[in-house]
Structures are given as structure tokens and as C-alpha cells.
Amino acid sequence: MVDKILVLDFGGQYNQLIARRVREQSVYAEIKPYNKITADGIKAEGYKGVIFTGGPNSVYDESSPHYDPKILEIGVPILGICYGDQLMAYMAGGKVDSAENSSEYGKTSLTVEQCPLFEGVPADSVCWMSHTDFISEPPKGFRTVARTEKCPCAAMCDEERRLYGVQFHPEVTHTVYGKDMLKNFLFGVCGCAADWRMESFVEQSVEKYRKALAGKKVLLALSGGVDSSVAAALMHRAVGDNLTCVFVDHGLLRKDEGDFVEKTFREKFGMNLVRVNARERFLTKLRGVTEPEKKRKIIGEEFIRVFEEEAKKIGKINVLVQGTIYPDVIESGKGDSAVIKSHHNVGGLPDVVDFDEIVEPLRDLFKDEVREAGTRLGIPKELVWRQPFPGPGLAVRVIGEITEEKLAITREADAIFREEVAAAGAEGMTNQYFAVLTGLRSVGVMGDARTYGYTVALRAVTTDDFMTAEWTRLPFEVLERASSRITNEVQGVSRVVYDITSKPPATVEWE
Ligand code: XMP
């Protein structure tokens, strides 16, 4: 068992970031909503330490999330951050106040005193603040160990009980010594071992599934995306030929993508791969459909039908493998929110396949960890570092009705754009970039003749989590070359535009 830290979530926007920062130190961290685990539960689970996240509330609001004060007595070290710091002060009998002129936002000068949390941290540095309430009086047994101009208690500690609180955000890179503070908490205060490593994760998982799934028939829906690819490679190492991967090619993939996926998994890994060429089926169903949600629904449903048929051909399946990753697990534990787009991925399969158990080998991993595991498993760089691609594929990048001709134009334009971004070494500037075929035609001139061709839109976004995104400031030269090549090389396109909308108000994909 690896040492683990609990990130107790009080609704802060940085909950995942905190867990990732802990894992970057090779310590395993789990996020749980504050109301899903009790103080006794924390003790029973054997967590080496707990981090209270920030949150949007004030501790004095009756509806704000509170926690059982018993947690301060169970002997597990705690680090409270922002709201978590105030909550700890409030639970232990300190005073939290609010004053308009005490709020701080952004980079702030910080002065710290010696304490185990600030081991090796200079007396004066810069931290990241975002608060209105503040601790005006630390609880009994705590001493103030940091201050800012407006915050009389920017950090507090009770060394004996191993309880620490910071008003600022050590997980944000703007807090210059934040990483050192987290390290001090994990190793100095909690005594964690740095034993969370992808290398051992891969080895242990392979060993675990080799034993647990011996002799069983295992099925996986491979999309060619990062998650299902890594899950496939891992399971293949564990169960070999007992794994069958079904790759439904809906004909809506990017240029050469289907062949690349097939080649990688069949030739490089020697897997049992069934590629279903279902292009005709999907295009038939999509004929005449223009409404984005309808397109998405049709593709999602048809995908399930095709997969179901293939699974039946294989016969009795014991295990269905899914490429669920940790952010999916966290998100599914949250409340309802408005459906902006019905996402299609391979998650809807359990209902149609007859199997005994589901295995989700990546359900504890963040995306960067999935990539690292993939690299260790020998998956090619192009696949492990692949940009996200929506399940419905080019269907949501061809605006309006989908035809073979429009798909071909989109594929070519997209390939050129990607080539030009790569040629300029600009891939690192952007997290996702692609071409969209707008439904718009416009007048152009070529030679001496009038043309009336399609308008292609190029889109590139910069984002951490795809929930919000900025349009990427790609160099003009890259856009210029892409535009000139697309209009010259792709028949039927007479105009290229660049999408300069952030998300919100736009979304990343156009449909
Ligand atoms: P939007 O367009 O909602 O996209 O801003 C956010 C991210 O999600 C991807 N996306 C999808 N991924 N199935 C997926 O697996 C889908 O149906 C789907 N639709 C959008 C999109 O490419 C972007 O990265």
C-alpha cells in the first residue's frame, strides 16, 4: 500500500490542482467531497495527512460546508488552505472576520516565521491570495507564523497536534515557495514516503490483472484516444491474447488516423484488434441531419449498435475494460449542471454488452499520469501526446449536413493546419487546434475567374482543463502559411478565417 493524502474538498476551484501537486511529489492523493467521509472514516482509511481545500463560502454562513471538529483530535496532520484554513480556525475556537478593506487578490508580499511548514523558506517572499474573510485571532494552541500587509494571520500552526493553516494558495505557481511548503507538509510533517511512481503503478497493475483475470475473456472499445489506448496497452500486457479490442471506425476521423491506430495496435503491439469499417452506416444515418445535438445523438447510438454487434460475434465476455480516468470519477460525483453538448465517448457501453465485471485500470490517474504510464508501456509519442479529439469526430467540425465531399475538404484542411503548426514548432503553444468547415460559401477570384467556395475556420485554444479556454495567439506566419496552402491545395475552399473567441462564450468545438 502506498502512503496517501486526502484532499477534502470544500468546493474550491483548485481541488484537482492540489491533488496533482501532491502527486508530483510522488505521494498518492485522493479527492473526496467533505460530506462523503467522516473523521472516523479518515482514520480507518489510514490517510497520512489531510488537506482542506479552499471554497467560495464564509464560515459564518449557515449553509457553508462545515466539518466534524473531531477531525482535529484524530492525530492525522491537517493543512487547511484558504477557506480550509478559516474553517480550521473556526472549528478550534479562533476568530474569523470579514472587512472590505482586508480582501486581497493576486500576488502579495508574505513574511514567514520559522515552523516545520516553512523549513527552508526565506522570511520574505511572494504568495497568491484570493480572500475577503481572514483569521483575526488564531485558536488556542496555535501561533501565527506568517503575515501580509492586510492579513494579520496569513498562516498558523499547532506543531504539537500537527495542524497547519495558510490563507494563501501554495498550490498555485505564483506562490514562489508553495512547492517547498507542500513538500514540508508531506514529508516533514506527515512523514510520507515518496512511493507513488508510474513505473511501479504499471508493474503492479499488470501483475494484479494478470492474476485476477487469468483465463478470462476481456473486451475493450478502442477509440484511438489517449485513455483507451493506454488502457488497451496495459491490459494487453496483463492478459495478452485474451484481450480483444474493437475499434469502430465511423469514417469521421482525421486524415490517416484510422490506419495509424490499426497499425500501432495490430502491428506494433500484436493485439487482437477488430477494426469495424462502419463509414457507410454512419453517413447513411447522418444524411440530411443538420442539428448539432441530433448529429451527436445519432453517432452515439449508432456507435453502441455497432459495438454491440461486434461483441456478440465474440461470444461470452467476462470483463469489459473502460478507460475512465480520475477527473471523470471526480466529475461524476458532482451535482447536475446544464447539458451544453451531449458528449459521446465509449462510456455508454455497459448497458449493451453482456459481461460479468467492469475493470477501469486508469480510474486513479490524472491525464498527465496516464500519459506517463502510456510512455512506459511503449505507446508512440504521437498517440500519447495526441490532442483531444471529440468522440463524434469531424461530424461536429463540418457545420450543417455531412457529406463525403465536405469531410474530405475538412480532413485536408485540418492536416495542412497541423503540418504548419508542427513545422513552426508551435505545438507547445496550444492545447487543441483544428480546422472547421463552416457552412458558409463566399465569392473569390482565382486566375481571372470568379469562384464560390467554402470558408474554412481555423481554431486553436490554450487551456488547462477545457472548461474554459483562450484562443491561442499563434504566430501570424503560421496562420498565413496555413491559409495560403489551404486555399491553394484544397479544392473548393476560397477563404480561411481564424476563430478568436474564448470559451465562454464560445465552446471549443463549433457544434
Ligand atoms: P467543448 O466544445 O464542449 O469541448 O468546449 C471541450 C473539449 O471536449 C471535447 N469534446 C468531446 N470529447 N466526446 C469527447 O470525448 C465528445 O462528444 C466531445 N465533444 C467535445 C472537445 O474536443 C474539447 O477538447
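Biologist: In the protein chain, what share of the contacts with a separation of 6 or more comes from residues 24 or more positions apart?

Modeller: This is a predicted model, and a contact here means heavy atoms within 4.5 Å. Among the contacts in the protein chain with a separation of 6 or more, the share that joins residues 24 or more positions apart is 75%.

Biologist: How does the radius of gyration of the protein chain compare with what the globule rule gives for 511 residues?

Modeller: The protein chain has 14 helices and 20 strands. For 511 residues the globule rule gives 24 Å, and the value for the protein chain is close to that, so the chain is as compact as a globular protein of that length, with a radius of gyration of 26 Å.

Biologist: What percentage of the residues of the protein chain count as buried?

Modeller: A residue is called buried when its relative accessible area is under 20%. Applied to the 511 residues of the protein chain, that cut-off gives a buried share of 54%.

Biologist: How many disulfides does a search of the whole structure find?

Modeller: A disulfide requires a pair of cysteine sulfur atoms within 2.5 Å. For C115, which is in no disulfide, the nearest cysteine sulfur is that of C157, 4.4 Å away, while C153 is likewise in no disulfide, with the sulfur of C151 nearest at 6.7 Å. Over the whole structure, the number of disulfides found is zero.

Biologist: Is C153 buried or exposed, and what is its relative accessible area?

Modeller: Because buried means under 20% relative accessible area, C153 counts as buried, and its relative accessible area is 1%.
For C115, also buried, the value is 4%.

Terms used: Residues are numbered from 1 along each chain as its sequence is written. This is a predicted model: local features need pLDDT of at least 70, side-chain atom pairs count only at pLDDT 80 or more; totals for chains, interfaces and linings use all residues. Side-chain values use heavy atoms; hydrogens and water are left out. Helices (H or I, at least four residues) and strands (E, at least two) are DSSP runs, numbered from the N terminus. The radius of gyration is taken over C-alpha atoms; the globule rule is 2.2 Å times the number of residues to the power 0.38. Buried means under 20% relative accessible area, exposed over 50%, partly exposed in between (1.4 Å probe, protein chains only).
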